[in-house]
Amino acid sequence: MGLYLIARIADERIALPAGEIGSVVEVDGVAAVPRVPPHVAGLFALRSRVLTVIDTRTSLELGAIDREALSTAVIVEHEGHSYALLVDEVEDVIEAGLPESCPALLPASWRRAARGTIRHGDDAILLIDPATLVAGPEPIAA
Amino acid sequence: MGVRVDDLLTDFIAETRETLEALAGEIVAWEADPEDRARLDSIFRFVHTVKGSCGFLDLPRLQRLSHSAEDVLAEVRSGTRTPDAALVSAVLAIIDRIGELTDALEANEELPEGEDEFLIAALVHNAAAAAAAETSAIAKVNVMPAAPPTRGVSRSIRLPVELLDRLMAGVSDMVLARNELARLLRTGETSSSAEVAFERLSLCVGEMRDAITRTRMSRIEGLFAALPRVVRDLAGELGKTVKLEVDGGDVELDREMIEMIRDPLTHIVRNALDHGIEKPEERKAVGKPEAGRLRIGARQSANQILIEVSDDGRGIDADRVVRKAIGAGLVTAEQAAAMSWSRKLELIFEPGLSTAEKVTGVSGRGVGMDVVRANIERIGGTVDIESTPGQGLRLSLRVPLTLTIIPALTVSAGGTHFAIPRSAIDELVRPKGDQVRIERIGGELVAFIRGVRLPVVDLGRFMGLTDEARPSLLVVLRAGGGERYALGVEAVHDHEELVVKPAAPALMASGVYAGTTLPDNSRPMLLLDVAGIAAAASVGVAQQPVEERPINKRRVKAALPTLLFRDLDGVMRGVRLALVERIEDVPADSAVETGGMRMLPLQGRLTKLYSAADLPQTGRLRVLRLSDGGAMVAYAIDQVLDVVEMRGELAPAQVAGPIAGVVLHDGGPVEMLDPFWLFTGAAPGSANDDSPLCLVADADDPWAREVLAPLLGAAGYRVTLAGEPIEDRVSVVVTTGGAPEGVDAPVVRLRGTPDGADPDSIYRYDRDGLLRALRQHVAGGK
């Protein structure tokens, strides 16, 4: 069993491992950063810490969105840096079983980011690895 | 259980390494003086500890090595064996091996086992094997400093308990202050008591910051401890004798900075031994002691650490450097001719210029001083060089105390703010008039600043924030490696101390940012990587700054280029640009007050310093270096405002002083400095190579040596005492007795009493008379 945070990205319900999440915040006044990969939306100060804001739709290659419209972000730590992952909205925190393997017919971008699926009631929800969102559309290893 | 052994292993590795670093110097010192019981004891304790821990941690190889070293050292302690060079070398080889094995242990690697036996065998009476082991150890040492590959990044640190106590006490105070503030907020008390509580909290935070910063500090000793060993091995290899003096090991520096300085410093030391210090026979031939002297010292000066490395070797011949630079196509002969001695010396920092006549195994592969300078500049430091051929060389590294808090300038372009490290900024100029202008050449912007052409990077366009490059201000930046460029910005906002943190990898990968920071307005800001921008904008070799040829232009009458600046008392003043040799930033505490006047060391010589108000006691002091072609004075200012063509007429001041008068400029009055007054006060002295040479005939007379010679020196003469080798034509001889034989020069005679019998002589305390007579003779002789 594990705790998962259910959020929406591009109208898709996704799950994030709750253990890797610091908090959920409202962001506004994101300072844009020039000359960086497109999935980096900018910088945001939260309680005197500087967070790097990630446009998760671009990370998942789901097309650009109006960043101004998004204000909810999930805070994660990755390799010593804090990131704010922009999401459409945060729905709930649920308890679910261990993730199962992904369905076969998944678009490539989702497949790269998914660690598996979790069962919640009758729904199967994709479990997303925050690190792949941080890394952006091009795998860093490439 | 497994976890606990791992922990123990990590502790063991950290502890062994720490002791090894400290021990390197001890062993060399022990070799120099084998009778030194205290040193022998500390080496013995080390191998003994290693042996003990190894047995417990089940590390048989380390145990065997340390055990055999312990046995031999025990024999030495009990007096049954006397330490000779072979024995010391064998012990050194064992300790090196322990170090290698420790590194391998941390990296989880295996080292070939065969050599262990060899090393242990060398410990037992066989001198030949010891010599062989020594060579192999040296070979290893040589590779080590260049590539310590296995060293992990995350290293544990040891802190004094006292410091931890201070931190804990600070946290308690903060909690109390927080509680009080919370209570006030709950009860809605008056704002004044909330303010008091807030003040207290702020104070706590400040103290905590200091304490935390101290935990990051480490004594520079750790860096210096490895040097005796490096010097010993290298000197042995090169067949040179070197006496190393290390000073200031107790200076504290950010741990990270120490790591960053390690390689450049080692490189400088190796250079000094390889190229600087001569072989013993060579030194004897030129009358120097056989053992060369290498002195390394560190001291704190304001918020910088100064590390000086000096040797008494052959120094660097700037003219030879210039010839090589011309040969390598780095400068033209014309440019070289216009260079000062120190500028010529600085050429050794140019990439692709190695002054070694032949490539040796130690240094001189063409990767050298340019890398040293690049590394030091990367951490916001500077490198200065001074050298007298035949006398030695001194390199001064200045580095900031810490990497995390840096003074920065805030600029903006396209509505976005950026910070620029203050250490990378040469000057701020506004393109206006003839002295500073921007031209478009082949689609690229080029700035002409007082005759020097610099490539321009427009920040707004570079960052993709604006379409059109229309910089209103230029920030002249040093990109490292002596390269400069002008960054075009829209506005300059503030100068503040910023706490800089590393940015996320995705940002750092862009190569143009050095970190993130949060200024007071709590809107995140990026610190620019000055060298990275230069590389990304390909401000390259093709656009190297080139001296612009003076263009013959029809000069508008009476339009004089003038540097406008804000003085320390807040008044806007101007000075003729032709007099300004440089604008320099110096540590505020380098100004000294002596003999009723302020002096500032510039170019190794004390220069008179003027200021309109009290000087700041800390931080940096900005001075104008003014020169009339001979004498030099410094004038402290607040900041440079602009360079303009001044056409107005001067309304002269009524009294003589630093202000010559007032000129109307742009509808406002500007006070002009009076160069005549400033230079009159400057010591006419500071003799240079062209000054007339004055021979003092009575070298044995203390008065002539101690009173007369300094007076002549202060009056601008070069002085030589009779009996010293005469290198140049003597212009005039001063004597209280007879004139020396064989010197063809006019003679000025001095007498001991005011009224003397000889009408041609001058009373020896008649300063004016003496100087007048000297002037007449020198003028007559020419």
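1. One term is needed at the start: a residue is called buried if 20 or more other C-beta atoms lie within 10 Å of its own. Please also keep in mind that this is a predicted model.

2. Let us begin with chain A. Its secondary structure consists of 3 helices and 10 strands. Read from the N terminus, the order of these elements is β-β-β-β-β-α-β-β-β-α-β-β-α. Chain A has 142 residues, and 37% of them count as buried. If you take the contacts in chain A between residues at least 6 apart in sequence, 53% join residues at least 24 apart.

3. How many of its residues are buried? The count is 6 of 7, so this strand is mostly covered, by the cut-off of 20 or more C-beta atoms within 10 Å.

4. Strand β7(A) has partners that run in opposite senses. Strand β5 of chain A (residues 49-55) is joined to β7(A) by 4 bridges, and the two run parallel. Strand β6 of chain A (residues 72-78) is joined to β7(A) by 7 bridges, and this pair runs antiparallel. You can find Leu85(A) of β7(A) opposite Ile54(A), and Val74(A) also stands opposite Leu85(A).

5. Now follow the chain from β6(A) to β7(A). The two strands form a hairpin with 2 residues between them, and Glu79(A) takes a positive phi near 50 degrees there.

6. These strands belong to an open sheet of 5 strands in chain A, with the order β3-β6-β7-β5-β4 and mixed pairing. Strands β3 (21-26) and β4 (40-46) of chain A are at the edges; each has a single partner strand, so one side of each lacks a neighbour in the sheet. On average, and ignoring direction, neighbouring strands of this sheet are turned by 30 degrees against each other. At one end of the order, β4(A) is joined to β5(A) by 6 bridges, and they run antiparallel. Leu46(A) has Arg49(A) in β5(A) as its bridge partner.

7. In soluble globular proteins, nonpolar side chains tend to be buried together. The largest nonpolar core here holds 113 residues, and the members that touch the most others are Ala15(A), Val53(A), Ile420(B) and Leu528(B). Strand β27 of chain B (residues 632-646) supplies the largest share of this core, 8 residues. Domain 4 (408-547) and domain 5 (560-681) of chain B each contribute at least three residues to this core.

8. Which residues does Ile420(B) touch, leaving aside those up to four places away in sequence? They are Ala408(B), Leu409(B), Val411(B), Ile425(B), Val475(B), Leu528(B) and Val530(B). A second, separate core has 76 residues, including Ile261(B), Val269(B), Leu294(B) and Leu395(B).

9. Finally, turn to another open sheet, this one in chain B. It has 5 strands in the order β32-β31-β33-β34-β35, with parallel pairing. Its edges are β32 (718-721) and β35 (762-763) of chain B, each with a single partner strand, so one side of each is without a neighbour in the sheet. Strand β31 of chain B (residues 693-696) is joined to β32(B) by 4 parallel bridges, and Cys694(B) stands opposite Val719(B) in β32(B). Helix α21 of chain B (residues 702-714) lies across β31, β32 and β33 (732-735) of chain B, and runs at about 155 degrees to β32(B).

Methods
Residues numbered from 1 in each chain as written. Chains lettered and ligands numbered in written order. Predicted model: local features only at pLDDT ≥ 70, side-chain atom pairs only at ≥ 80, totals over all residues. Buried ≥ 20, exposed ≤ 12 C-beta atoms within 10 Å, placed from the backbone. Contact = placed C-beta atoms within 7 Å. Core = buried A, V, L, I, M, F, W, Y, C linked by C-beta atoms within 7 Å. Domains from an automatic or database assignment. Pairing = 2+ DSSP bridges. Axes fitted to C-alpha atoms, helices over the stretch in contact; angles between N-to-C directions.
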